[in-house]
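Subject: Structure handover and notes

Hello,

Here is the structure we talked about handing over. My notes on it come after the display.

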Amino acid sequence: MFASFTCVIRDLYPALKGVSTVFHCASPPPSSNNKELFYRVNYIGTKNVIETCKEAGVQKLILTSSASVIFEGVNIKNGTEDLPYAVKPIDYYTETKILQERAVLGANDPEGNFLTMAIRPHGIFGPRDPQLVPILIEAARKGKMKFVIGNGENLVDFTFVENVVHGHILAAEHLSQDTAVSGKAFHITNDEPIPFWTFLSRILTGLNYEAPKYHIPYWVAYYLALLLSLLVLVVSPVIQLQPTFTPMRVALAGTFHYYSCERAQKVLGYRPLITMDDAIERTVRSFYYLRKVK
């Protein structure tokens, strides 16, 4: 382990030497099912980045964290950064993002001239994103986007990628001006909570697919997904399956989870640069090649 750790630092060092600010955005996609990969990248990899930054004389480290570090699958309405980390994270991605954020914020050392901050976006999307829209359209093509989980009124934060970048730049600028803002986490979203199913429907209809129209009660969907997960666990020694209908995804689709940007507004001067309407329009336009031919 020590030899591997030393090799990683040796590999990273040339890239970080002479750099004043590092933006740490690396992570496997949340949809991955590789627990070992999450742990190695999000936690062990982040510890390597921290140590190499210190060794190379980097002064500022800004982490792309996630607002989901405080989400446990139950409603969060206008949640603030003061809420505790999730005791029961909804998935292994979130569990390792908590470890990652703790490591970065715990490494903050103003006296040692090493300042850290965590930016917590939620539901990042934008033009040519390889995750959200392609996965959504693939599900629609397979006939898996016909049902709304719950009443469809649950508000969720989505964040356009340019607003996420804007938040990171503000973080770096303010770390240079005031060490008092270091060691803290900041929610960065579009600050326009939108019904989860309305957001998905606007993407789908923008690309000529039908919006979901049948409703299934939230708890029915949740327990069906839980039953399916238990079934997959039982047969896993014989058959390797990776279900897409999971309790975690039901919770994400059927609960309120949106977050206050008040701290970022007051401390960093954050305001979204791109509105939700413009963000959805730009995103849909960029995926013209996925448009369904009528």
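Predicted model: local features only at pLDDT ≥ 70, side-chain atom pairs only at ≥ 80, totals over all residues.

Ser 65 sits in the loop that joins β2 (60-64) to β3. Ser 65 has a relative accessible area of 4%, so it is buried. Its side chain makes a polar contact with the side chain of Glu 101 at 2.6 Å. Beyond four places in sequence, Ser 65 touches Lys 97, Glu 101, Ala 118, Ile 119, Arg 120 and Pro 121.

Tyr 85 belongs to the loop between β3 (76-79) and α3 (92-106). Apart from residues up to four places away in sequence, Tyr 85 touches Val 69, Ile 70, Ile 98, Glu 101, Arg 102, Leu 105 and Arg 120. Tyr 85 and Lys 292 are 207 residues apart in sequence, and their C-alpha atoms are 41 Å apart in space.

Glu 81

Glu 81 is placed in the loop between β3 and α3. With a relative accessibility of 10%, Glu 81 falls under the 20% cut-off and therefore counts as buried. The side chain of Glu 81 reaches the backbone nitrogen of His 187 at 2.7 Å. Leaving out neighbours within four places in sequence, the contacts of Glu 81 are Arg 120, Ala 185, Phe 186, His 187, Ser 260 and Arg 263.

In helix α6 (residues 196-206), the buried residues are Phe 196, Trp 197, Phe 199, Leu 200, Ser 201, Ile 203 and Leu 204. An α-helix has 3.6 residues a turn, so residues three or four places apart point the same way. After α6 comes Asn 208, which has a positive phi, near 70°.

Helix α8 (residues 247-254) is mostly covered, with six of its eight residues buried. Those buried in α8 are Pro 247, Met 248, Val 250, Ala 251, Ala 253 and Gly 254.

Aromatic pairs

There are 15 aromatic pairs in the structure. In one of them, the ring centres of Phe 38 and Tyr 93 are 5.7 Å apart and the planes are at 65°, so the pair is edge-to-face. This pair links distant parts of the chain: Phe 38 is in helix α2 (residues 35-56) and Tyr 93 is in helix α3, 55 residues apart. Phe 38 and Tyr 93 are both buried.

The rings of Tyr 288 and Tyr 289 have their centres 5.5 Å apart and their planes at 90°, so this pair is edge-to-face as well. Tyr 288 counts as exposed because its relative accessibility is 57%, and Tyr 289 counts as partly exposed at 49%.

One aromatic cluster is formed by Phe 125, Phe 158, Phe 160, Phe 196, Trp 197 and Phe 199. Among its members, Phe 196, Trp 197 and Phe 199 are also buried residues of α6.

The second largest pocket

The second largest pocket holds about 170 Å³ of space. Its lining consists of Ala 140, Arg 141, Gly 143, Met 145, Lys 146, Tyr 209, Glu 210, Ala 211, Pro 212, Lys 213, Tyr 214 and Lys 292. By type, the lining residues divide into six nonpolar, one polar and five charged.

Regards

Note on methods
Residues numbered from 1 in each chain as written. Heavy atoms only, no water. Helix = DSSP H or I, 4+ residues; strand = E, 2+ residues; numbered from the N terminus. Contact = heavy atoms within 4.5 Å. Buried < 20%, exposed > 50% of the residue type's maximum accessible area, 1.4 Å probe, protein only. 1 Å grid on protein atoms, 1.4 Å probe; cavity = no way out; pocket = protein on both sides within 12 Å on 5 of 7 lines; lining within 4 Å. Points joined across faces, edges and corners; volume = space filled by probe spheres on them. Nonpolar A, V, L, I, M, F, W, Y, C, P; charged D, E, K, R; others polar. Polar contact = N/O pair within 3.5 Å; in protein donor to acceptor, adjacent residues only side chain to side chain. Phe/Tyr/Trp six-rings, centres within 6.5 Å; stacked < 30°, edge-to-face > 60°.
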